[in-house]
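I opened the notebook to look up a few points in this model. The entries below follow the order in which I checked them.

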Amino acid sequence: MLDKNGIAKRIAKEIKDGYYVNLGIGIPTLVANYIPDDISVVLQSENGLLGMGPFPYEGEEDPDLINAGKQTITMLPGSAVFDSAMSFGMIRAQKVDLTILGAMEVSEYGDIANWKIPGKLVKGMGGAMDLVASAKNIIVAMQQVNRAGESKLLPACTLPLTGVRCIRKVVTEMAVFEVDAENGGFCLLERAPGVSVDEIRNATAGRFSTRGDVPEMQL
Amino acid sequence: MINKVVNNAQEAIAGMTDGMTLMLGGFGLCGIPENCINEIVKQGITGLTCISNNAGVDDFGIGLMLRKRQVKKMIASYVGENAEFERQLLSGELDVELIPQGTLATRCLAAGYGMPAIFTPAGVGTEVAEGKEVRNFGGKDYLMEMAFEADFAIVKAWRGDTAGNLIYRRTARNFNPIMAMAGKITIAEVEELVEVGELDPDHIHTPGIYVHRIFRGTDYEKRIEQRTVRAN
């Protein structure tokens, strides 16, 4: 079973040299810590920055320089700052190669819900609806089950949707899945170290399939 | 050059009355027009519709206006940092329209570019699409979203000149340039106000034609919402 950093580490392996990448809030933010040194990647922050660097050293925080999670950050050499309309322009125009975001629920057809629990919690969708509607390559980083132990990989989402049939890949503490948006279903691609196919099957409420032997993740 | 300078926030918001629609620049607490917000709170203007990406925090930014019940309706994309906001929303005291961040930004842009509407895929198939026209282009569905109309747009810039030309700093740019283009009356408060000719025309982000009133703000707190640092 992976912890949050383990999920981030596995997702970092999906990032290729030359990619522009948008990282959402939460586990996706951690992915930046595991990008290999030998590839060049530019991180986009949707408030209006390309070239996001690490957190600043204490005393060097700049209130004019934050990421989409409102955290103080730094800029790397070659960075560019722009307004929020251009930021979503480049997202809509599919200039961003990879988007990684969190989710409350994902359906077997690749629907995603991550912005609202009616009557309980209303945070808003922020940029998530724009990202899932336009991005060509989205990976969801999420826990396989909620606090009540119920699967978050469902036949259909129960919460208000963020986007329809847009998620192709999900990485959890237990597994890596491919989503079959045509026929519906979670195809198990990899197991977390020490986790069996049966354990993953039992934690997946949506349709579940495998293709031959399922390898363990290489981290 | 036309001189757009007013002395302070009080003069800048002259003519703002109850029930108006305001656009307020900023992302989180970054690049928000602190002086004008404080003045609106002081004057107690009420029944306002506010268009802003976020709603501040409980004791800063638009949160101050919410606390005094000056806001009738909030149009925003993310409001997760404000407990008083959430309380007013869940109790039905506050009318709220949550819209995707890119839609919010582009509806401002459309207003400033003189276009009545945009088409965006954001929100197709979700509750955001309810009651909206859907058009199919090239096999993909898009929602028609209307350009915003705002009585006042209030933005914060880093430097500005007396003719209203503006330059923003770092990610404090965010929604400010696009909202600056979208107000019937646009107010810019700046950290540094210079004479015409002192800003390089090649470096201007907002041309002064969009700005009606400009003043040098004072006592900027520039509060940091999430102070995150790495180990030395």
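I count two residues as in contact when they have heavy atoms within 4.5 Å. The model is predicted, and I read every entry with that in mind.

**Entry 1: C50(B)**

I began with C50(B) and listed what it touches, leaving out residues up to four places away in sequence. The list holds L22(B), L24(B), M65(B), V71(B), K73(B), M74(B) and I75(B). I then placed C50(B) in strand 2 of chain B, residues 48-51.

**Entry 2: strand pairing in chain A**

Next I followed strand 1 of chain A, residues 20-23, and looked for its partners. Strand 2 of chain A, residues 42-45, pairs with strand 1 in the parallel sense, over three bridges. Within that pairing I noted N22(A), whose bridge partner in strand 2 is Q44(A). Strand 5 of chain A, residues 98-102, also pairs with strand 1 in the parallel sense, and I again found three bridges. Here I noted L23(A), which has I100(A) as its bridge partner in strand 5. For reference, side chains in a regular strand alternate between the two faces of the sheet.

**Entry 3: chain B against chain A**

I turned to the interface and found 51 residues of chain B in contact with 50 residues of chain A. How much area is buried between the two chains? The value is about 4300 Å², and carbon and sulfur atoms give 59% of it. On the chain B side, T171(B), T228(B) and R230(B) lose the most area to chain A, together 16% of what that side buries.

Which helices of chain B supply at least two residues each to the side that touches chain A? They are helix 4 (83-90), helix 5 (101-112) and helix 6 (176-180). Helix 5 gives the most, with six residues. Sorted by class, that side of chain B has 22 nonpolar, 17 polar and 12 charged residues.

Notes. Residues numbered from 1 in each chain as written. Chains lettered and ligands numbered in written order. Predicted model: local features only at pLDDT ≥ 70, side-chain atom pairs only at ≥ 80, totals over all residues. Heavy atoms only, no water. Pairing = 2+ DSSP bridges. Helix = DSSP H or I, 4+ residues; strand = E, 2+ residues; numbered from the N terminus. Buried area = accessible area lost by both parts, 1.4 Å probe. Nonpolar A, V, L, I, M, F, W, Y, C, P; charged D, E, K, R; others polar.
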